[in-house]
Amino acid sequence: MTLDTARRPARVLVADDQTVVREGIVTLLGLLPEVEVVGAAVDGEDAVRLVAELAPDVVLMDLRMPRCDGVEATRRIRAGHPGTQVVVLTTFADDESLFPALRAGARGYLTKDAGGEEIVRAVHSVLSGDAGLSPSIQRRLLERLSEPEPEPVEPAGPPDGLTAREAEVLTLIAEGLSNQEISRRLHVSTTTVKTHINNLFAKTGLKDRAQAVSYAYRKGLVKPPKSEMG
C-alpha cells in the first residue's frame with residue numbers, strides 16, 4: 001500500500017497497554033500534520049479488533065502486552081489485513097524481541113526514545129515499501145548478519161567404533177536376515193559377513209544375535225515395528 005502524502009496524512013492506530021505511554025504517543029502524533037491518529041488500543045487483542053474496524057494505514061505496536069502480545073497481534077493483523085503495516089514501538093531492542101517481531105511481519109522497529117519526527121519517518125517509510133528501522137536497530141541487524149555462521153555439526157557415526165559396513169550388517173541382523181541373506185543383500189561372501197559379525201561382536205561385547213538385535217534397537221540403528229511402538 002503506497003500513501004500519497006500530498007493528499008492525506010497517514011492514518012495511525014496506537015497500541016500500548018500503559019495508559020500514560022499510549023496517551024503520550026497519541027498527543028505527540030496529534031501535533032504533527034503528517035499523521036492522523038484514528039484510534040488507540042489497550043492490548044494486542046484490542047489492536048486486532050480496531051484494525052478490522054478502522055482499517056488504519058499503520059499500527060504503532062508495543063510488544064509486551066496482556067491477553068495478546070505485540071508479536072502475535074502483528075502476525076494476525078498482517079495475515080488478516082495486509083493493507084495495514086506494523087511499526088513496533090517498544091522499550092526492548094534485544095534479539096528475543098526484535099527478530100520474532102520482524103518474522104511476524106513488522107516492517108518497522110523503533111524504541112520508545114524515538115522522537116516524533118523519527119516515528120513519522122518510519123510510518124511513511126513502511127507505507128512506501130521500505131523498512132522503518134531506527135539507526136540502533138539497523139546496526140543490530142547488520143551485526144547479526146555479519147556474525148559468522150555456526151560450524152556445521154558433524155553427524156554422529158556408528159556407536160562403539162563400528163564401521164559403516166559393520167553397522168549395516170548389524171541392522172540387517174536386527175531385521176532377521178541370516179548370514180546367507182546378508183551376503184546376498186550386500187553382494188559379499190558369507191565369509192566376509194562372518195568377519196564383520198565377529199568384529200562388531202568384539203567391539204560391542206555382544207555374544208549372540210539376540211543381544212545384537214537388542215543392541216541395534218537400543219542404539220537407534222533400527223526402529224521398532226509400529227505394533228511395538230504403540
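## Strand pairing in the sheet

In this predicted model, V12 has a bridge partner in β3, and that partner is V58. The two strands involved, β1 and β3, run parallel and are joined by 4 bridges.

These strands belong to an open sheet of 6 strands. The pairing is parallel, and the order reads β2-β1-β3-β4-β5-β6. At the edges lie β2 (35–41) and β6 (132–133), each of which pairs on one side only.

## Helices on the sheet

Helix α2 packs on the sheet and touches β1, β2 and β3. The direction of α2 makes about 135° with that of β2. Helix α3 also packs on the sheet, where it touches β3 and β4. The direction of α3 makes about 170° with that of β3.

## A closer look at α2

Which residues of α2 are buried? They are G44, D46, A47, V48, L50 and V51. These buried residues pack against β1, β2, β3 and α3. An α-helix has 3.6 residues a turn, so residues three or four places apart point the same way.

The N-terminal end of α2 is capped by D43. A side-chain oxygen of D43 lies 3.2 Å from the backbone nitrogen of E45. After α2 comes A55, with a positive phi near 50°.

## The largest nonpolar core

The largest nonpolar core holds 26 residues. Which of them touch the most other members? V59, M61, I77 and Y109 do. Several elements give two or more residues to this core: β1 (10–15), α2 (44–54), β3 (58–61), α3 (70–80), β4 (85–90), α4 (95–104) and α6 (135–146). In soluble globular proteins, nonpolar side chains tend to be buried together.

Leaving aside neighbours within four places in sequence, V59 is in contact with L13, A15, V51, I77, T84, Q85, V86 and V87.

## D16, in a loop

D16 lies in the loop between β1 and α1 (19–30). Is D16 buried or exposed? D16 is buried, because its relative accessible area is 1%, under the 20% cut-off.

A polar atom of the D16 side chain lies 2.9 Å from the backbone nitrogen of Q18. Not counting residues up to four places away in sequence, D16 touches V21, R22, A41, V42, D62, M65 and K112.

## V193, in a helix

V193 is found in helix α9 (residues 190–204). With a relative accessibility of 0%, V193 counts as buried. Beyond its neighbours within four places in sequence, V193 is in contact with N179, I182, S183 and V188.

S178 stands 15 residues from V193 along the chain. The C-alpha atoms of V193 and S178 are separated by 9.9 Å.

## The protein in numbers

How many helices and strands are there? The protein has 11 helices and 6 strands. Of its 230 residues, 41% are buried. The accessible surface comes to about 12800 Å², and 52% of this belongs to carbon and sulfur atoms.

Contacts also reach along the sequence. Among those between residues at least 6 apart in sequence, 61% join residues at least 24 apart. The bridge between V12 and V58 and the contact between D16 and K112 are examples of pairs brought together in the model.

Methods
Residues are numbered from 1 along each chain as its sequence is written. This is a predicted model: local features need pLDDT of at least 70, side-chain atom pairs count only at pLDDT 80 or more; totals for chains, interfaces and linings use all residues. Side-chain values use heavy atoms; hydrogens and water are left out. A nonpolar core is a set of buried Ala, Val, Leu, Ile, Met, Phe, Trp, Tyr and Cys residues joined through side-chain atoms within 4.5 Å. Buried means under 20% relative accessible area, exposed over 50%, partly exposed in between (1.4 Å probe, protein chains only). Contact means heavy atoms within 4.5 Å. Two strands pair if DSSP finds at least two bridges between them. Axes are lines fitted to C-alpha atoms, for helices over the stretch in contact, and angles run from 0 to 180 degrees between N-to-C directions. Accessible areas come from the Shrake-Rupley method with a 1.4 Å probe; for residues, only the protein chains shown count as cover. A polar contact is a pair of N or O atoms within 3.5 Å; within protein, one must be able to donate a hydrogen and the other to accept it, and residues adjacent in sequence count only if both atoms are side-chain atoms.
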